[in-house]
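Let's take a look at how the parts of this complex touch one another. Have the picture open as you read.

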Amino acid sequence: MASNFLAGQDVGIVAYGETKIERRSGRTPYEFAAETFEEILTKAGLQPGDIDGFATNVTHSESSNQYYTPYLCDYLGVTPRWMDISDHGGGSALAGVSRAALAIQAGMCELAVVLCADAPSTSWKAANGGYRVEFWDPTGIQGPPGGFGLLMNRYMTQYDLKPEALGKLAVAQREGAVLNENAYEKFRKPITVDDYLESRVISTPVRLLDCVMFADGAAGVLLTSRERAKKLSAQNVIFPSAYSEIVNFDCAEQIPDITETGFSVVGPEVLEKAGMSPGDVRMFHPYDDFLIAELMQIEQTGWCARGEGSDFLLETDVSFRGTLPINTGGGQISAGQIGLASGMTNLVEAVRQMRGEAGERQVKDPANALVTGIGVITYGRSWKVSNAMTLEH
Amino acid sequence: MAENRKQRAIPISTKTTQPFWDGIEAGKLMLQYDPDENVYQFYPRAGSVKTGRRNLVWREASGVGTIYSFTETYVPIAGFEERTPYLLAMVELEEGVRILANLINVSAATISVGMPVKVAFETITDEQDYFCFEPA
C-alpha cells in the first residue's frame, strides 16, 4: 500500500462555494466559476491576488480550448504559481484536491483553489477519439446509460439485484435534494419507490431514475496549510486524511469479471490509510452517475459482501437521519450532474455537513466522511477512474 | 455536433486497425494475437497490453462466442432511430476476448446471457460494412 501523504492532516479545506445547479443556463463555465470563486473569497476574506494555487477539471463545454486553465485563471484575476487540470472525469474534484494538498506540502503554493465548473447542458464541445471512433460510436451504444446497461445486466446475472433497494436509495437522495436550495429546481419534489420502478427504460435494465442528467454549475474549495489556516483565523477546518486512486483497473485482462471495479482496491485501501473500518464512516458521499454504481461501491468498499448490496440498502437508513447517510444533498442523481465538475458536488456536500451548515438536512454526527469519484465509462467493463478520500475534523 | 449527425457513425480506420477493416470487408473477423503471451486482445492497438511489444500478429477468429451481457436501447443514438429498440451485447469470443456489437435476427425476449452467437455483417454505407452477431 502506498504511504499516506495526508496522514499528518497538515492541509485543510478552509472554505467552499457552490452555485445553484441549472439546466440550459446559457452561461459559460467561466461565469459559473466566477460565482463560486466570489463565494470562496468572501468566506475566506481574500482577494484574487492572494490565491497562488489553482486546479480545475477538463470540461465538456470548453474542451476544445487547449489552454483552458490559464484562460480561467485570467478571467478570475488569479496568478497561480502552481496550476493543474485534471482529466479524471468525475474523479477530477478529488484528484484536484489531492494534488493541491501535495503542492501545498511541497511549498509550490500556499492558498490553492480547486474550482470545478462545467456547462454541458448549454454547450457540448467534447470529441473523444481512441477506440470510440471505430469500436464504440458505430455500435449505437447509448453512452453511459448503454455502458451501465451492460454492467448492470451482468451484475444481475451474477448477483441478486433488488430494484426496490435502488428505489429506496433514489427516494432518500431525492429527499435531500428537496431540502437543498442548490439542487436543480425541477428535481426538488419528492419521489416514491414506485416512481423509480415505473420510470421509463433508457437502455435495459437502466431506467430514467437510475441516471444523472447533465446540468450546468460550479463548486469548489480553498485549501491551505494548518499554519496558514490559523493565520486566516479559519474556523471549522476540514482535513482530507487519506486518498487513493486507481485508473484502468485490471485493464490488461481481456475477460475480467466486469462487476469488480477499481473500488475493490481504493475503497478498502483509503479506509485502511485513515485507520477506519466501514463501520466508522459517519457519512458516505459516493460518486453517483448511476444508482448501481453506488451499490457496487458499498459492496467493494466493504460495508457488505459482493452481491449483498441490495439487502444492505434495504436494511440501512441512508437518509440524512440514518445510520449511514448517503449523498445527503441529493447527490448528482437528484441535484443534477454539472458535467465533469460533478465530483465536487459530492465533496462540497460532505464539507458542508461536517461544518454543520446543511440546515434542515443536517446529519447528527458528521464527524467524518468518505467521498468518491468515478471517471469515464470504458470499453467492455465498468469505468476507468476510481478515487476516494476521507475527511476528518 | 452530435445532434446534427443523423447517420450512424462510420468507423475511421488507422494504419494499425486497417487489417481489421480489410477483414470485415472480406467477411472475416480478424483479431490481434500476442505470440509472447499466447493471448488475443481486443480492441486493436499498436502494442500488446501484456508486454508493450509491437509484435502482434493478425489471425482470423472463429467468429463464435457467447453473450456475456446485453442491453436493449430505447433512446436511440443517431442512425439507430428506425431499428429502435435495438440490442447491443458484449460477446465473449472463444479466442478469449470480448467485443461490443449489435445483435441481429433475435429479440430481447429470446436472448440470454451465455447464449451462443456467431459473427454477422451489416452494411452501414455502400463502402462500409460493420460487424454484428446473431444466434449461432
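## Where the two chains meet

Start with the contact between the chains: 39 residues of chain B and 28 residues of chain A take part in it. Keep in mind that this is a predicted model.

Which strands of chain B supply at least two residues each to the side that touches chain A? They are β2 (39–41), β4 (64–73), β5 (86–93) and β6 (98–103). The largest share comes from β4(B), which gives six residues. Sort that side of chain B by class and you get 25 nonpolar, nine polar and five charged residues.

For the complex, the predictor gives an ipTM of 0.96 and a pTM of 0.97. Chain B has a mean pLDDT of 95, with 96% of its residues at 70 or more.

## Two domains in chain A

Now over to chain A, where the domain assignment gives domain 1 (11–126 + 215–240) and domain 2 (140–211 + 243–392). The C-alpha centres of these domains of chain A lie 23 Å apart. Their contact takes 39 residues from domain 1 of chain A and 35 residues from domain 2 of chain A.

On the domain 1 side of that contact in chain A, β1 (11–18), α3 (92–105), β4 (111–118), β7 (217–225) and β8 (239–247) each supply at least two residues. Here α3(A) has the largest share, with six residues. By class, this side of domain 1 of chain A holds 19 nonpolar, 14 polar and six charged residues.

Methods. Residues numbered from 1 in each chain as written. Chains lettered and ligands numbered in written order. Predicted model: local features only at pLDDT ≥ 70, side-chain atom pairs only at ≥ 80, totals over all residues. pLDDT = per-residue confidence, 0-100. Contact = placed C-beta atoms within 7 Å. Helix = DSSP H or I, 4+ residues; strand = E, 2+ residues; numbered from the N terminus. Nonpolar A, V, L, I, M, F, W, Y, C, P; charged D, E, K, R; others polar. Domains from an automatic or database assignment.
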